[in-house]
Structure formats: C-alpha cells, structure tokens
Amino acid sequence: MTDEWWETFSYQGVIAAAVLYFLAMLAYFLELAGLRSVSKDEELDSRRTAVAGRLGLVLAGFAVVVHLVALVARGLAADPNRVPWGNMYEFTISGTFVVGLIFVVAALRTDVEWLGPLVTTFVVAALMAAFLGLDDAVLPLPDALNSPWLVIHVVSAVISTGAFTIGALLSGLYLVKARSTATTGYLARVPDPKVLDRLSYRMHAFGFPVWTFAVLITGPIWAHQAWGAYWNWDPKEVWAFITWVVYAAYLHARATAGWRGRNAAVLALVGAATLWFNFIGINFFSSSSQHSYAEGARQERSVVLRVAGPVETAQEVGVVVGADHARA
Amino acid sequence: MTDLQQRPSDDRQATALPPDLTVRELGRWTWRQLTSMRTALVLLLLLALAAIPGSVIPQEDIDSLAVSQWRDDHPRLAPIWDRLDLFSVYGSVWFSAIYLLLMVSLVGCIIPRLLVYARALRARPPRAPRHLSRLPESASYTTGDAPEAVLGRAADVLRGRRFRVEPDDGAVAAERGYLREAGNLVFHLAVIVVLVGVAAGSLFGYKGGVIMLNGEDYGFSNNLTQYDDFAPGALFDPDVMEPFSFSITDFQVDWLTEGQRAGMAREFVAELAYETEPGGGTKSYDLKVNHPLTIGGTDVFLIGHGYAPVITVRDGEGEVTKSGPVVFLPTNAQTFESFGVVKAPFARPEQIGLEGTFYPTFAMGEDAEGNLSMPGSIWGDALDPLISMSVWTGDLGVDDGSASSVYVLDKAGATQVTEADGRPFRLDLRPGETAKLPDGLGTVTFDGLERWNKIQISRSPGKLVALAGVVLALLGLLGSLFVRPRRMWVRARRQDDGTTLVEVARLDRSSGGDPEDGAAELAAVVAALQGADDDTTTSNEKEQP
Ligand code: HEM
C-alpha cells in the first residue's frame, strides 16, 4: 500500500470518525430532549430516551476506534513512517483522540455519560476546524523535528491537553450547575457541583504533572539539542509557561479559603484558554516563534526582512538549519 | 472538628491589619501577608500576566532585528516601551520583582512548613475524637468480643494496611499518607533549585555564534576574538572557556528530489575535526541538528548553512585586490537565494563595491504578463549557480576606521556604475566566468563555490542542576497530588448488656479525596475487624457532607 493510499485512507478515517462523533452527539441531544421534563430521581419512562443515551456511548466508542485507525494510517502515510503529530492538523486529530478516549474509558468505568453531549460537541467542532482550517499535507519531518523527543514531548503535550480540556468542560459545567436550580432535564442529571469540582480536580491533577513533564523537562531537553539553548522565551514557550503557572494557581486556589469552588473553576477555564491559545492563536500573532507552523511564504518574508536592513554581525543569519518548516 | 482537618500544608490565611501597630507587629503582619497562600496565588497570576507582553512585543535578546524594525515603525511608542523595559521583558525589573517576591514568599512559606512537617513526622497519630460517629465517614457494630481483643485486632489490621498505629485509651488511632506533605515540600524546594540552576546559567554562561567556511583551511579556536557574536552572562569569566578548536572538513545536505516537499533539505551533517585542547589529538564528529557536540561544559551546535561564492576582483591596474570566498546570507529558506556584498577598498584607481544576489539554481520566472523577467532560484541545491551583482565605486566608507558590517555596502559616498546608456550596470556570472567592469575599473571573476555553516557555541553551567530540579519537582508533585493522607480511629467500649460497641471512623485529608474510595477503605477495615465469625452487625455509614 502506498503512502498516498494511507493518506487518503487516513482522511477518510477522520471523516468517518467525525461523522460517528456527530451521530453520537445527535443521540445525546435526543436523550437531552427526552429528559427535558424528567426530574433527576425519576425513572426514565421512555425507553427511547434511555436507548438514545446508550446509543450515544456506543457511537462514541466506535468513533474513538475509527479515530485511532485514522491516526495510525496518518503515521503510515509519511515517508519515513512517523508519529502522527508533525503539524497543527495532526496535533488536533491526536488531541481530540485523547479527549474522546478519556471520555469513553471513563464512561465505561463510572457514570459520566452526562459529559457525552459536551465532549462529542467539542470533538466534532475541533475536528471540523482541523479539517477546514488546519489541513496540511503529510510531509516528512524537517530535521529539527526528527528526534525521539518529538514522540515523548508531543505525546505528553497531547495527553495533558486532552486531560485539561475535559477538566475545563467539567469546570464550566460546575459553574453552570452551581447557579442552576433546575429540577428537571440535563442540568438536574449532572452530578452535584461538589462532584464536578472533584472530577475536574482529578483531571487537572492528572494533567498537571504530564504537562510539567512535557513543557519543563522534555521541551527544554529537546530545545537544547535542536536550538542550542534549553529555554529561549520563544512565544510558544512563554505561553506553555503561562499555562503551567495558571494551572499551578488553580491548584493553589483549591487549597485557599475564599478561592475554592467558583474562583478555582474560573482559573481552570483561564488555563484552558491559554492552552488552546498557545496551540492555535499564537501561530497567528507571532512570527518569531521557532515553533512556527507558518507556511513558507511568511518565513520568506521574515527572512528577507532580516537581511534587508543594516545588520550587525550578531543578527544576520536568518536561516536556521532545518527550521524552514513546521515544528511541533 | 476543624482542628482535626488542620494539616501542616493548610492555608496560612491573610489576616486583617490589627488596629494598634508597633513596628514589629507591622513587620510580622507584612510577612504573614507575603507568605499567605492568597499572596502566592496572586503572585502566580501576576507572573502569568507579566509573561504575556514578551510573547507579543519583539524581544531584544531573541530577535533584535525585529526590535529595530518595530522601533522604526513606532517612533513614538518606542521610547515609552524602552522606559518600561518591554523589549526585554524577561530581564526587566518588574518581571524579576514578581518572581523574586514569589521566591521570598515561597521560602517564607516553606520553612515553617518544613518545621511543622519535621514535628509531624515524629508525632503520633492524634487521639480519637470523642464522638467518632459524628465524623463524615464512620461505622459501628456490636460484637461479643472483649474490647481489648477488638482493639488488638484493629491495630493489626491497620498496621497491615500500612498505617502508623498508636494505641489510645480504649481506642486505636492510625494515620498514613505522610508522603503527601513531603512531596509538596520537595516540589516547592525544587522550584528554588530550578531557579538557582537557571540563574547560574544566565549569570556565568555565554552563547556565541560564528560563521565558519567549510574546509580544513578554516579553523576556529575557542576564544573571544573568534566569535562573530557573543552574549556573555553578567558574571561571565573568559577563563572558563575551554581551549578547543575545530574545522569543518565536509558538509552534506540531503536535498529531497521528489515528493510533495521536493526541494526541501534534510539531514544536514557537518563533519567536524576537533581538538579538545591544543596538541590534544584530532578527533572527528558528525555535527547534526539534534546532535550537538559536547566538549567539557560547552556545547557546539549546527544551526545554519549557506553559500560563499569565491570571487576575485582585479582593479584597473590589473592587480588582484580581493580574492576568496564571500559569505552570502540566505534570504529565502527554501531556495537559498542569498544576498552578499564584496568590498575592494584597495582597488585603484577607485574603490570597488559589489552588491547582489546569489542563486544556487538559477531560473527566470514569469511576471504577471508572462514575460520571462523575474530571476530567481528554484532549488536550494547548487545545480546551476549564478551571481548577479550591481557595482559601486567611490568611497565605500571603510577608510575612516569606524566599524562597518561586512554584509552591508555603505553607499553614502559611492556612485553606482552604469552602462553607456545610463542603465545600472549588472554582472551575471556563472562559475569560471569573468566580467569586465565599465570605465576600465577592472574585472570580476566568479571562481567557484564554497559553503559555510553557522555554528553556535554555548556554555550554560547549572543546566543539570535545573534539570535535576524539575525532575525532583515532578516527583514531589506526584507525591503531593496522588498520595492520600488520612486518619482512622477504632474505639471499642463495653456496653451495659455485656456486648462491645465498636466504632470506626475515617478522615480524608487530601484535597481530591474520593468518597467511594474512602467508603471502600472504611468498609474493608470494618470487615477485617469483624472477621467471618461475627453476625450481630449494625453498620451505618454516612455520606460525606
Ligand atoms: C513558584 C511558586 C509556586 C509554585 C509554582 C507552586 C506550585 C504549587 C503546586 C503545583 C501545588 C499543587 C500540589 C498540591 O496540591 O499539593 C502547590 C501546592 C501548595 N502550595 Fe505552592 N507553589 C508556589 C509557591 C507557593 C507559595 C509561595 C506558597 C506559600 C504561601 C505555597 C504553598 C502551597 C501549599 C500550602 C500547597 C498545598 C495545597 C494543598 O494542600 O492542596 N506555594 N503549589
């Protein structure tokens, strides 16, 4: 099977997964509609509603499996074969996979089905964005990315991103639930704010060490090897650091009287905002990032600028070996 | 019951300012504020906020060219930005102030907690509260066994579950999970270790770069004069520079010739011949991206490459006034179209300056009308090299002794050489070709092509300290987040009817405690106490409030 075959297969797989997530989302919405007037402790009187919820989980489960196949195919499409997280599109399909996987595994073990509508909506939206906005061809990795650290660094970043994202969904739900007095419908079925807070804390407590490992251990080691300095205050590094500090503040907030609960939940959302901004936003705001996923054109411009003005010897070499393309 | 839940790591609260203040009290109060959790939290958020500008505004030590560009574009704002240190945020007074305050707060917070922890380590588990059944997690049952027997079994069961056990009067107290606070302390101490390591690197270390032509004729030895750019730390001492030297014997690039990324370069290998000290014997090393060479405490990295056309300039009198490879700087990372300057200040009768472009693989592109008119390079590899340069004569501004970049032609006192019809004169040369300059100025020959590499050399003492610090921090963090400290008590009391009432209670002291795990542990302990022989059970469990 050729690389092109794998690439097409992977695209089809991602589309199929997205469709399955979408159907799962519809099933969950159907369940929500059925629950509109059912109070929390009431047995579900309509079998249709119960089946819709079950169906949602089954579809999401299938979606995760197909998603995994598509990811593997993406890696096989590259020559030489590699891990499927070399650009933003690939990072997004990997990150959403982790989100989907965590949800399905959790749903099989405990009762978190009420997260279904949120998670599926998020994953469908992120996959759509990946497809419409971030699509990038399967390309061999530039030299700087060609390192075992790519696997370790990015996999830990992807995993913690997935965990933080679910944590943020839970914290958002906490804020809504804490103000809600609904006795029927979806919100009534969502567990107590206390439980949401605890679950959210768990996701963050899991994500934070992994993020620390990704950003403050493997990142600097790799940066040292590839760029000659373990910390460069590159915009991507700055924002990873900001994310880390915000989540440290979140963990503090949970232990500080007056900051528990609401404020902590708000901090968790701020943390997720910095996380996703770093992933997507910073690429558009800053051209100086060595992590830039920027297209060739912008690189060229910045390189021309570097040489056009009068320069000191210290500054002039704009071209970094192997840096001419995507970096994770 | 609150005193039960108190633990060494608990919040030091910010308190209101007391009304009558002596200086001493004010000092204490200030210190208490500074070392409170709330202050730590606010400082953390401030640190996050303060880091933002540096990711948006160009930074002097990251991209000083972007800074000067920005200055030119915003002449009014630039002085204000300068005043606020916004071009070097991470070295600025206000940024440093935040993290130093945070560190002071951290030390102030951690030392008392270390003391408390040291005491807690030796302390015995606290005595059972009077009303065990009022604790959030509790159970009770009656049995025919004597209280002493029950308590003896309780001590065994709890020890078996790795609790620290303390017999109490008519009860057994037990505690485990001390490692959580230890982890937390290790984490916070490790943050300081990291800071020390990073500070050592930026104070005592240096980072420098040099453009090296390939070939055994060109060498580099590690001393200040040999660097093109050099950024030492504030306390850097040149004596620490290791006396190594090297030359680049060969440089290989693997150009992709097919596929979607044809034309992209991969696998850069610079073969280095190096000596760790003069007369130390030559060794060789394949310097690659992600594969630096470490000599002692210094690391040598390959970070750039480019072309150096060999150009010979003969002046109007036929003398060779300039000959050798000239470093051209890439202006396009893909095609390696490069820009360069040749200066021949000793040429007679007039100084000669050349400025122009090098195309590794020359091709004419089409403009909007489809005319072949736009010269360009279509490939980074040197398949059809060509230089295209314009010529200047007059005063090139190199005589007055002021420093001038070798990459810039000072045209203030020079005039451009033109054709007879007044159009700017341009010479286009392929390797081996020679062009005659107008007006008997001389000739220019493109002899051949050499390559250069940009090598970065850095020494960051303390980097292993910093690394050890983060690893330690991570380990501490794991303990702090996942160890669950908890206490358990068992009390047995003979009742009037001769049976024994056994009360068991559990107190979770972690912040992520899971009631289900807690209930399971409580139930397991109760079951183990009751053994199989007991059947007069009344168990009650309560929800965690
Ligand atoms: C560089 C600054 C700091 C960072 C990055 C940081 C980070 C963290 C993190 C990630 C945790 C979570 C681990 C856990 O829950 O046990 C934590 C907990 C804690 N921190 Fe800090 N911290 C910093 C400064 C401080 C300061 C200045 C104080 C003292 C006021 C402090 C007191 C605490 C306490 C008491 C806990 C335990 C909270 C609990 O028991 O849940 N930290 N810190």
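Leaving aside its neighbours within four places in sequence, with which residues is A:S171 in contact? In this predicted model, local features need pLDDT of at least 70 and side-chain atom pairs count only at pLDDT 80 or more, while totals for chains, interfaces and linings use all residues. Side-chain values use heavy atoms, with hydrogens and water left out. Beyond those sequence neighbours, A:S171 is in contact (heavy atoms within 4.5 Å) with A:S200, A:H204, A:A265 and A:A268. The residue A:S171 belongs to helix α5 (residues 148–179) of chain A, helices being DSSP runs of H or I with at least four residues, numbered from the N terminus. A:S171 is buried, at 3% relative accessibility (buried, under 20% relative accessible area; exposed, over 50%; partly exposed, in between; 1.4 Å probe, protein chains only).

The iron atom of the ligand is coordinated at 1.9 Å by A:H252 (NE2) and B:H188 (NE2), donors being N, O and S atoms within 2.8 Å of the metal, or 3.2 Å for Na, K and Ca. A:H252 lies in helix α8 (residues 235–253) of chain A and B:H188 in helix α9 (residues 179–204) of chain B, so the pair joins two chains. Both histidines are buried: A:H252 has a relative accessible area of 17%, and B:H188 has one of 11%. The iron site has six donor atoms with angles of 75 to 178 degrees and is octahedral (six donors, opposite ones over 155 degrees apart and all others between 65 and 115).

A:V19 is found in helix α1 (residues 3–35) of chain A. At 43% relative accessibility, A:V19 is partly exposed.

How values were computed
Residues are numbered from 1 along each chain as its sequence is written. Chains are lettered from A and ligands numbered from 1 in the order in which they are written. Four donors count as tetrahedral if all angles lie between 85 and 135 degrees; four count as square planar and six as octahedral if opposite donors are over 155 degrees apart and all others between 65 and 115; anything else is irregular.
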